Structure formats: C-alpha cells, structure tokens
Amino acid sequence: MNFSELFNQTQSLVRFSPDGNYLANCVSYKVIIRAVETLQILRLYTCMDAVQSLEWSSDSQFLLCAMYKRGLVQVWSVEQPDWTCKIDEGSAGLIHAQWSPDGRHVLTTASFNLRITVWSLVNKSISYIRYIKNSKDCLSFSSSGKYLAVGESRKCKDFISVFDVESWQLLKLFETDTEDLSGIKWSPDSRVICAWEHCLCTFKAYDWALGVKRIEWSPASQFLAVGSYDQKVRVLNYITWKSISEFSHTPSVNTNDAVVFEEVNAAAKVNATLESTKKPSELFSTQSKYQICETPLELPFVKPDPQKPNPKIGISWLAFSSDNRYLATIDDSMKSALHIWTMKTLSLFVIIKQLEPIKCARWNPRLCRLAYCCGNNKIYLWAPSGAVSVQIPLASLFHTHSLRWHPDGGSLVLASKEQMC
C-alpha cells in the first residue's frame with residue numbers, strides 16, 4: 001500500500017469526482033481541485049466565506065460549495081474557470097444544498113424547512129417545493145434520475161409527493177400511514193419508495209415495538225435492511241414485505257459459526273541506527289495486528305445514560321457490500337465492534353473487535369472489501385480472506401477520522417481533522 005504526502009484540508013471536505021479524474025478539497029474559504037493521477041493542482045477557487053458543504057455534479061463538470069452561515073451557494077466550473085454562479089437565499093436562510101441528478105439544477109432548502117428552491121443553471125428558471133418535513137432525510141431521487149420523492153406535512157398529516165425532475169411538476173401525491181414521517185428512500189430499481197418514522201411505538205404494518213433508526217437497500221433491491229433502537233437489524237423481502245431474518249447485537253458472543261478478529265497492540269521494533277533521525281513520538285509508536293479469538297467472549301459495551309438526551313443506542317450504521325453478499329453493521333453502544341453478516345445463510349459471519357471506537361467505515365464500490373478507521377494512525381481493511389491493520393507511515397499526529405473510496409475502488413482518501421492523504 002502506497003501513501004501520498006500530506007495536504008491541508010478542513011472539515012473533512014474531500015471528494016472524488018464521479019468520473020474519478022479529480023479530487024476536490026477545501027481549506028477554509030479556498031477550493032482546490034487536483035488531478036487524481038498526479039495530485040497536481042489544476043484549479044484554485046476562492047469562495048466568499050468558509051465552505052461547509054462540497055458536492056460534485058453527476059458529470060464531474062461543476063462543483064457546488066455551500067456556505068450555510070451566509071446563506072450562499074457558489075458553483076464552479078472545471079472546464080471554464082471564468083464561469084461563476086452565486087445563489088443567495090437572503091433572509092430566508094440556507095440549511096441544505098444539493099445537486100439534481102442531471103447536474104444542471106441546484107436544490108436549496110430555506111431555514112426551518114420552509115421551502116425547497118430549484119435553481120436552473122441552464123435557463124436561470126426557479127421552481128419551488130413547499131411543505132417539506134426534513135430536507136436531509138425526506139428528499140430522495142430515484143436511481144434513474146427521473147423522479148424526486150419529497151416527504152411533506154399538510155394539515156398535520158404526512159404525505160409523499162413525486163415530482164418529474166425534467167419539468168419539476170407534481171406527478172403524484174399520496175398520504176402515508178405514519179404519525180411523524182422521518183425519512184424516505186427509493187429502492188435501487190426505482191420501483192419502491194420506503195418511508196419510516198423515528199418513533200418508539202409500534203411500527204406501522206409490523207408489530208414491532210421499536211423505533212426505526214437506519215434503513216438500507218441491497219444493491220439489487222432484493223432486501224431492505226432496517227436498523228432499530230432495539231439493537232436489531234431486520235431484513236425484509238421486498239416482494240412480501242415480511243421480515244425474513246433478525247440480526248441481534250448483544251455484548252455476549254456465543255457462537256461457533258462466526259470468526260472473531262481482535263485487534264491487539266504489538267510493540268514497534270526500534271532500529272538503533274535510526275534513533276538520531278526519528279522523533280520520540282515515532283520511535284515509540286504502537287503497531288497493531290489481528291488475532292482470532294475463541295468464543296464465548298464479551299464485547300465492550302457502553303450503557304446509555306437515561307438522564308441524558310438522545311442516548312447512544314441502536315444501529316447507527318449499516319451497509320451492503322457492492323456484490324450483495326454481506327451486510328456490515330455498527331451498534332451505538334458497541335462502537336468498537338463491527339458485525340458482518342452473510343446474506344447467503346442470513347447469519348453472523350465475522351465480528352471485528354477494535355481497541356478504539358470505529359469512526360468511519362465504507363465498502364469498496366467494486367470489490368468485496370471494507371475499509372474502516374478508528375481515529376488513530378492506522379487504516380483497517382477486511383475482505384472474506386481476512387483482516388489487516390496498516391500503519392500510516394506519515395506524521396505520527398495524522399489520525400484518520402474519515403475515509404472515501406475512489407470510484408474505481410483502487411485507492412482511498414484519508415482525512416484527519418486538518419490534513420489528508
């Protein structure tokens with residue numbers, strides 16, 4: 001594994017372009033675009049304030065920079081550096097901004113979710129969408145890019161509106177059987193819209209006394225995984241919408257069917273001839289490796305404090321591998337444990353026990369490979385063949401807090417609080 005030199009960045013705003021040719025990052029109010037192959041700077045733009053959100057258009061031709069504190073959005077062109085676009089929401093404020101799938105419209109959400117404004121970069125036309133409940137989770141484009149589903153609240157009732165993206169005209173409006181709609185999501189085949197609510201009461205259509213926290217479609221739309229506050233993931237068949245399996249997350253592991261990888265510290269060997277050239281922090285840095293543990297065993301468990309608001313409990317992250325073979329999950333009360341389930345037998349396949357809480361995890365977009373980090377100077381990889389811990393041979397203070405795969409799955413960008421590689 002090869003590592004580049006370190007580059008400055010802020011707020012982990014580092015993004016590969018969809019075509020894989022460019023890497024964009026922000027340093028306060030400056031936006032830097034590099035060539036992926038050489039990491040040479042191709043474009044340097046200066047925004048009007050510190051950038052808080054960064055997003056590429058689908059064709060990798062434009063870059064959206066949102067400055068929520070100023071209520072501004074600036075759009076930059078890669079091929080035409082002199083072309084500029086500024087969107088000012090003014091007194092309405094700005095809490096969210098994103099591209100439409102065609103890469104020629106920008107959707108901005110005003111403060112308090114008052115409205116969504118659709119701005120055209122082609123003819124400068126403006127369209128409005130009202131009654132939005134939550135611009136972050138109640139806004140979903142179909143994978144085909146033809147439709148937009150919006151979760152709405154009309155006369156104290158929940159609705160879903162479906163718009164034609166080409167004309168932005170309303171195609172369908174129907175009421176949902178939810179009391180407080182929290183999110184919606186299209187299936188990958190654009191045939192089904194799933195809606196859920198973050199409630200701690202009986203879930204509609206299923207006799208579950210739970211609150212839905214996360215949902216994820218499998219790449220082929222065969223399964224819908226629902227992560228809940230009761231520390232379970234339920235896998236639904238999208239034809240009958242019945243639960244075909246439940247994956248429970250408990251601190252006690254007592255199964256012989258799953259492999260348990262445990263991270264352990266291994267003291268780094270110090271070469272006496274290099275003592276004069278290395279810093280003390282580098283000389284005594286710790287390395288780690290994995291060992292296979294026997295069951296039964298106990299996973300580190302943090303009991304939530306009922307006296308504090310928003311207790312950390314339940315499934316905080318779940319994602320399917322690109323080949324649809326595995327589902328990886330993380331529970332909030334066991335942040336240092338990563339569970340991997342096999343969809344072939346609908347059972348637990350691997351548990352990875354880390355020394356520190358997992359900060360970020362992402363599947364490779366092309367291969368069955370999972371990368372994750374724990375806020376230290378290491379990067380971790382898992383594949384069906386095993387798990388590996390790789391120490392980052394850069395400055396000892398570079399601690400990885402987030403990561404992203406290149407679209408072709410051949411490289412990763414790692415980000416600490418102020419740097420990237």
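Guide: Start at a turn. E21 and E22 form a hairpin, with three residues between them. Gln231 sits in that turn and has a positive phi of about 65 degrees. This is a predicted model. The two strands run antiparallel and are joined by five bridges. Within this pairing, Leu224 lies opposite Leu236 in E22.

Now move on along the chain. E22 also forms a hairpin with E23, this time with five residues between the strands. Trp241 is in the turn, and its phi is positive, at about 60 degrees. E23 covers residues 243-248, and its pairing with E22 is antiparallel over five bridges. Here Val233 stands opposite Phe247 in E23.

The largest nonpolar core has 21 residues, and Val233, Leu299 and Leu327 touch the most other members. Two or more residues of this core come from each of strands E21 (223-228), E22 (232-237), E28 (315-320), E30 (334-342) and E31 (347-353). In soluble globular proteins, nonpolar side chains tend to be buried together.

Take Leu299 next. Setting aside residues up to four places away in sequence, Leu299 touches Thr250, Pro251, Val253, Met334, Ala337, His339, Ile351 and Lys353.

One more site is worth a look. Cys368 lies in the loop between strand E32 (360-363) and strand E33 (370-373). Cys368 counts as buried because its relative accessibility is 14%, under the 20% cut-off. Beyond its neighbours within four places in sequence, Cys368 contacts Ser321, Asp323, Tyr326, Trp363, Trp382, Ala383 and Pro384. Cys368 and Trp382 are 14 residues apart along the chain, with 8.7 Å between their C-alpha atoms.

Definitions and conventions: Residues are numbered from 1 along each chain as its sequence is written. This is a predicted model: local features need pLDDT of at least 70, side-chain atom pairs count only at pLDDT 80 or more; totals for chains, interfaces and linings use all residues. Side-chain values use heavy atoms; hydrogens and water are left out. A nonpolar core is a set of buried Ala, Val, Leu, Ile, Met, Phe, Trp, Tyr and Cys residues joined through side-chain atoms within 4.5 Å. Buried means under 20% relative accessible area, exposed over 50%, partly exposed in between (1.4 Å probe, protein chains only). Helices (H or I, at least four residues) and strands (E, at least two) are DSSP runs, numbered from the N terminus. Contact means heavy atoms within 4.5 Å. Two strands pair if DSSP finds at least two bridges between them.
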